[in-house]
Amino acid sequence: MFSPSLWFLLTALGCTLAFIEIPEEYLAEIREDQAGESAAGEYNYDNQGDDWQGTCATGEKQSPIDLIFQDSKVSSISRLRFNYYNQSLRTPLVITNNGHTANMVLPVTRDGHRPYINGALLPGDFEVQSVHFHWGSRDSKGSEHAINFERYDVEMHIVHKNTRYETMAEATQHWDGLAVLGVMFKSVNRLTTQHYGLNKIFNQLPRIVEYQSNATITGQLNVGQLLGNIVTGQFYTYNGSLTTPDCAEAVTWTVFDDILEFPHRQIAKLWNLRDSRRKPLINNYRSLQDTNPGIRDVYYRVIQDSI
Ligand SMILES: [Zn+2]
């Protein structure tokens, strides 16, 4: 069941956005995503997740982890395939401050296709669902994964659901339910006109400072723009978990080791968001988890000419 505060949010969302003509199908997807978020219950990042219970505390395939080249199995994995990633999405898109992150449910393309990924070590076809961010503060980095002992300023997660499952709720109950792409951002001081899609998204952050606020993003956006100009042929991949409660071990992770450079003034907008307690929403990352190499392997794909 929805909590009263969620009903308020949904009503407010409907009213606020009514005049911009958000398709009912997309609104329903946003509602489902928000119901999933509230089903996770109350949690915060005061202890970087070390006080979370259940699978978060007992699981042996948890995320995030330190991705270390020397400890990885370097193998000839086939490339990751991006389908409909360069097709324009139906707009406007809605971005929400859900108290834990800035989250955007991704709609279908203008042609009605759901962008999806397959290939690499993915056990199936995975449709894109949503995108969100983890960040630090003025004084600390905020990525969740580390690469060769190094953490980065921001980590973006593009969440996908296996097409064999109907809903996110169902997918999280299976080891092959979800696939998440992780992209590291490094803050740079120069202004850049690169990354059109990401800049459009970050330009709306001042409008979602308060918990449960929403903003819309219009214009020609596609999922591929989220990846900026990074090389997608080299990545770490392993079986892990959601990095928020209930920490379900349902995720095939793919984390690119090419780093996206993004303006400091855009990243700084994340630090102004506020959580449900009206406290600054900063350092919303979970601490590093044990890799448990006896239980799972981390693979690294290098670019090969023939594949
Ligand atoms: Zn995440």
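Which backbone oxygen lies 2.6 Å from a polar atom of the side chain of Thr 101?

A: That would be the backbone oxygen of Phe 133, which sits 2.6 Å from a polar atom of the Thr 101 side chain. Keep in mind that this is a predicted model.

Let's start with Thr 101 itself. You'll find Thr 101 in the loop that runs between strand S4 (93-97) and strand S5 (102-105). Thr 101 counts as buried because its relative accessibility is 7%, and the cut-off for buried is under 20%. Leaving aside residues up to four places away in sequence, Thr 101 touches Thr 96, His 132, Phe 133, Trp 135, Leu 281 and Asn 284.

His 132 coordinates the zinc ion through NE2, together with His 134 (NE2) and His 157 (ND1), at 2.0 to 2.1 Å. Along the sequence these donors follow the pattern H-x1-H-x22-H. Like Thr 101, both His 132 and His 134 are buried.

Now for the wider setting. The largest pocket has a volume of about 780 Å³. It is lined by 31 residues, and Gly 36, Glu 37, Met 168, Leu 242 and Thr 244 are the closest to its centre. Among the elements giving two or more residues to this lining are strand S7 (126-135) and strand S9 (154-162), while H2 provides the largest share, five residues.

As for confidence, the chain's mean pLDDT is 92, and 92% of its residues reach 70 or more. Residues 1-8 stay under 50.

Key:
Residues numbered from 1 in each chain as written. Predicted model: local features only at pLDDT ≥ 70, side-chain atom pairs only at ≥ 80, totals over all residues. Heavy atoms only, no water. Donors = N, O, S within 2.8 Å, 3.2 Å for Na, K, Ca; no water. Buried < 20%, exposed > 50% of the residue type's maximum accessible area, 1.4 Å probe, protein only. Helix = DSSP H or I, 4+ residues; strand = E, 2+ residues; numbered from the N terminus. Polar contact = N/O pair within 3.5 Å; in protein donor to acceptor, adjacent residues only side chain to side chain. Contact = heavy atoms within 4.5 Å. pLDDT = per-residue confidence, 0-100. 1 Å grid on protein atoms, 1.4 Å probe; cavity = no way out; pocket = protein on both sides within 12 Å on 5 of 7 lines; lining within 4 Å. Points joined across faces, edges and corners; volume = space filled by probe spheres on them.
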